[in-house]
Structures are given as structure tokens and as C-alpha cells.
Amino acid sequence: MKTCLIFALLLFCSSVLASKLPIDQFSKHSDYLDMTISPDGKHLLARVQHEGEVSLVFLDAKNMKIVGGVRPKEGDAIHSAQWVSDERVVYQFAEKRLRYDAPIATGELFAINVDGSKQEMLYGWRARENGDRSTRTKKREASYATPEIISLLVDDEKNILILEHPWTLEHNQWYDLRKKHSVISKLNIFNGRKTKVEVLPHPGAHAIANKFGEINFIKWHDENLEVHGAYREKRDSRWLEIVDAFGVNKDLVPTGTSNDGKKILLTGSYGKRDLNTYYVLDLTSKKLSPIFDDMVADIAYTNREPLTNMPVVGISYPGKPQYHYVEENKTAKLHKMLVEAFGEQEVNITSSTRDGKKLLVRVSSDVNPGEYYIFDTEKMGAEFIWSNRSWLDPRTMAPMQAFQFTTEDNMVIHGYLTMPLALKENEKPPMVVVIHGGPHGISETWGFNSEVQFLANRGYAVLQVNFRGSGGYGKQFEQAGYRQWGGKMIKDITDATKYVVSQGYVDGEKMCVYGASYGGYAALMASVREPELYNCTIGYVGIYDLNYAYTDSIYMKSHGGRGYFEKVLGTNARELAQFSPVNYADKIKSDVLLIHGEKDSIVSVKNAQAMLTSFEAVGKKVDYINFEKGGHGLFQEAGRRQVYAALEEFINQHINK
């Protein structure tokens, strides 16, 4: 295996910084989830979390005093919220159901003014208005669909444009499966009455609308999960696929539009490595140009110019955040200045006022869970307004160090190693390999991770690997993992583990492998492939029999679900069996802990049950935790704390024996 120089590790020796922190400081949810500034800059809205309750809060932007908000019923949550005018916000609830751990979004929209007035239910299955049906006055209708705001209709003070994804009724239950044709409707933000505008030509299609509500582009995926884009010149024109309308690459997909509707934003592959970037198509000149073209990894996020709504800053993660700028742009120059001011942190402009004079900026890092600032572009000053997880001191958190190595088949693998603080000279800590879920399209990136920090605080080095099949490093890299779930993807994880050990940073005799979802699967499969490498193995909501992907996953009900699994897993019975840990219980020598939610609809609890049966058949005793109301992960803080405590106890017991 080829290797290259990766990083210089800084070892801290302060006993104060390395003190063991309470589990709650890591298992608790963030105190804020998101924040945006109003179009006129007078107020902020934030979704704030406290003791498991997610509320909507309005703050005066001048003094940061709370001036109003919405508090849900016990156990419920504010699922999302968006400014639709200077004073009015549309929001959605997620309701607590008796059978489930996490609140579930209801597909219902509500609206309220900052001062608490004109609160109204606008949309949803319980939104029907009662009244005299003999009158000609239009009544609010019940809607069994998932809504999405796609245009604020700047020339219409009473209405917004929404995209509706109609639900499917199966066995007396409604599901959002995206099997029906999407509907465009105009929705009154004061009384909830809506008017159907049109039906899109494909199931689950998404419409790209400008601020006036004009729709000239749509995108959708077919049954094989291939993504398509289409264009029409006018409302009554025929839809043409992008490749036919403009002669561009068929893989380019529309994703946004400039405020004036004269330019369309597309995403797609760039260069020999098929890295993901953004393109702009000028509808007047028909010229297509890449916005960012100097990457070594995918563009993961963008910051946009407020007045045009077009990206001017791109962020990629070949290691720490890399910034890519549109030259000669005011917002890009301001962003550069902010990056210089905040040093080794990631800077994102999350929202702005209508005139672009005030920007809401989020600053975060691997040790900083996030801070918000209001930046005044006229006064050229940033004012601190909120710190996330204020109970955590960044100085007590452990920094992530990026690394990369080249495999025997010339695949460059990127990853991160987080070392615990206060190591003694020449001390090699035990290591936990944490494997991400997905697996395709998901990646490990530089930033704050409470689980990683918890393990590092307990004295463990933490390894995170972007094995082939992960997102973030181009289409070819992701596709290299197709039908390799239990093959080359696992070998990449093993090679990364052995590589870090070979560099002398960790104790190769004391290691545990852990993951959730695909990560749970991969943890067990890694222990199958290398029985002597790990002391312990932890699978959390993992799929252990790949056949269950086809028979017991909610994804199979959705549009394109079968096509996805056939593409990434295949249907060869022999391959599925060879890549299923349930068939190799006798190969796993390490101690095992399985964790699963009884109500998991994505990865059925049947997987954990089948794995337990296999272990029992070979006489191997394993630990098992079942959460009766848990789904594909846990929401309630009590459950999260229980998982963190179980991880600590299990790893400590088996990695140090």
C-alpha cells in the first residue's frame, strides 16, 4: 500500500483541558437548530431546543430580546420555519406519536406574525374550513401532501407558491412515496385558501421557480434513480430535457435560479474525476459556464449573493474547508475578509436582508459547535449574537487532523483522526473506528461532531474514513463503491485503520469498530474480514442481511427505491449472501454490542433479531439493547444518553481488558 505524509499531531498536556466531562454535555441536543434574519433586518427567527422541546422564537435584532414565538405541545417540535414577509413566518410542526421516539412531521403549515397576531393554520389534512357549501366563497381545503415553498411571489403580498407532493394511501396509512405527480399551487398566507396552478409531468418532480413564481425548469428522478432536468420557454410550451434544449451534458441538473430569472443554476460533474460543481446557464446568450473549477473535492456548500441569489463562494472538504470564490464580487470579498478574521474556522453566510446590507453569519469548527454573528456591510462590523452548545468550552474539545493514503489499486482515501487531549509523551491511545452511514453520497467532513468529541474526551483516538462509495470526492469515487458494500469498501476501512496504526499514533492492540445504519453493517463486516483486528464491534441500527433491503425497508415503497438498491447492491443472491454479516457469525471473534430501534422503518429490527439468532447458533454471547419506541436513531435525550453511556461502558470494558 502506498502512503504519503499526512499530518503533524499536536499533543496537549493540560489536565484541566483533558478533564472528563459529563455525558449530558455531549448527548444533549444543540440549544439552537437554525436561525435566519428577516427581509427587513429587524428580527431574527430561531428554532430553539430545550429539554427535548423545539420552539420557534422571534428576537429583536437590535437588542436580542425575545419578542414572541410559538411553543408546541409537550413532545412536539417546530419542524421548519421560513420568513414569507418582513413580519410573517410560515412554519411546520412535527408531532409526538405514542408509538415513536421522535416527533413526525405532519405536512401541515401554520403562519404567525412576529407580534403573535393573525396566527392561522394554512395547509394540511386537518385544514379544511367548515362552512356553508352553498356559497361561492372559496373555502380552505384539506390537503394530503407534503408542501414545499418554492417562491415568495414578491409582487403578491398575500400568496406564496408551493410545491405539493401528494401522499399515497396504503393499508389505511398515508405515505409520502413520491409516486404521484407533483402539483404547483398558490397558497394564501393569511387564510390558507389555495389555487391549483398546474400539475408537473413526472412523479415526485421538483420545480425551480424564480421570485415572481415563473417556472421554466424542473428536475426529477426515474425508477432507476437517474436524475433528469427539463426546460420550457413559456408556461404553455412543451417540456424539453436539458440536453435537447441547450445541448449541454445530460448529467447537469437544474437546482436554482437567479432572482430575475435570467440565469439558471445547475449542478453536475466537472473534469476527469467527475467532481461535483455548479454551473450557470445564461438564458439570453445560452452560454454555460462552471462557477467553481479549481477543486480537488466536490463543492459541498455554497454562499450566495443576496441580490442575485447566485453562488459566489463554494466550500469543499479535501481536508479542512477549502474556499472557492467568484472574482470581483462584493459578497465574495466580504467572505474572504471574514475567513481571515475568524482564522481556522468555517464561515457561512446563512441568510441576509432583502437589500443585502446585513448578513447573518455562522462560524464553526471541529471544536466549536457554532456561533452566529450579524455582519453590517456598511459599518463593516460583526456583532456576536448567539453561541451554540454554550455549555461546551472549545478549549476542551479535540481537533480533527486530516489524512490521506493511496490503496493498492490506486484509490486515494481521505479521512480524519481525532486524538484525545493530554496524552503523555510517547503514549499511544486506544482507538475507535467510527464508520458513517449512507453510505453513498454521505461523507465525513471537518466540523463539530458530538459523538467523536465524546469518545475523544474519554481518552480514545477516533478514526473516520471516506471509503470508496462515500460522497464528496466525485461521481467515479462514489460509483466505485457500488456492489462493494462488503468488499472493497470494507477493505478501505481496514487499510485506513492499519495505516494509522503503522504511523505510530495509536495502540493497534486496543481498537473497537462502531457505526450506525450502513456503518453498523460495516462494523460487523469489518470484523468478519479481519477477526483479529478489533477488540470490540458495535452495530447501531445496522442492516445485517442485505436481502432485508428488498423486503423490509420503507425505501422499497418509494419511487425509485428498488432501482437504487439494484444499482448499489445488485440482485445476485450469491453476492448478497457473501456480503451479509448474518452468514458469518462464526467469523467474528471480537465482543459485540447491537443496538436497534423497534420502530425502525428504514432498517427493520428483523436485522438485529436475525444477527442475534446467528450468534446464538454458534454459541456466541453478545450484548443487545432494544429501544421499544426507537426508529432509525433516537431523538429523545434520555435515549441518546443511554446510548452514549452504553458505548462508554462497552468500549472501556472490552478495549482495555
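Biologist: Before we get going, what counts as a disulfide here?

Modeller: Two cysteine sulfur atoms within 2.5 Å count as one disulfide. Keep in mind that this is a predicted model, where local features need pLDDT of at least 70, side-chain atom pairs count only at pLDDT 80 or more, and totals for chains, interfaces and linings use all residues. Residues are numbered from 1 along each chain as its sequence is written, and side-chain values use heavy atoms, with hydrogens and water left out. By that cut-off, the number of disulfides in the structure is one.

Biologist: Which handedness does the link of cysteine 512 and cysteine 536 have?

Modeller: The sulfurs of cysteine 512 and cysteine 536 sit 2.5 Å apart. The angle about their S-S bond is -135 degrees, and that makes the link left-handed.

Biologist: How many residues apart in sequence are the parts that this pair ties together?

Modeller: Strands here are DSSP runs of E with at least two residues, helices are runs of H or I with at least four, and both are numbered from the N terminus. Cysteine 512 belongs to strand β34 (residues 511–516) and cysteine 536 to strand β35 (residues 536–540), so the parts tied together are apart in sequence by 24 residues.

Biologist: Is cysteine 512 buried or exposed?

Modeller: Buried means under 20% relative accessible area, exposed over 50%, and partly exposed in between (1.4 Å probe, protein chains only). Cysteine 536 has 0% relative accessibility, so it counts as buried. Cysteine 512 has a relative accessible area of 0% too, which makes it buried.

Biologist: Zooming out, how compact is the protein?

Modeller: Its fold has 12 helices and 37 strands. The radius of gyration (over C-alpha atoms) is 25 Å, close to the 26 Å that the globule rule gives for 657 residues, so the protein is as compact as a globular protein of that length. That rule is 2.2 Å times the number of residues to the power 0.38. Along the principal axes, the C-alpha atoms fill a box of roughly 75 × 60 × 55 Å.

Biologist: And what share of the 657 residues counts as buried?

Modeller: Take methionine 35 in strand β1 (residues 32–37). This methionine 35 is buried, at a relative accessible area of 2%. Across the 657 residues, the buried share is 55%.
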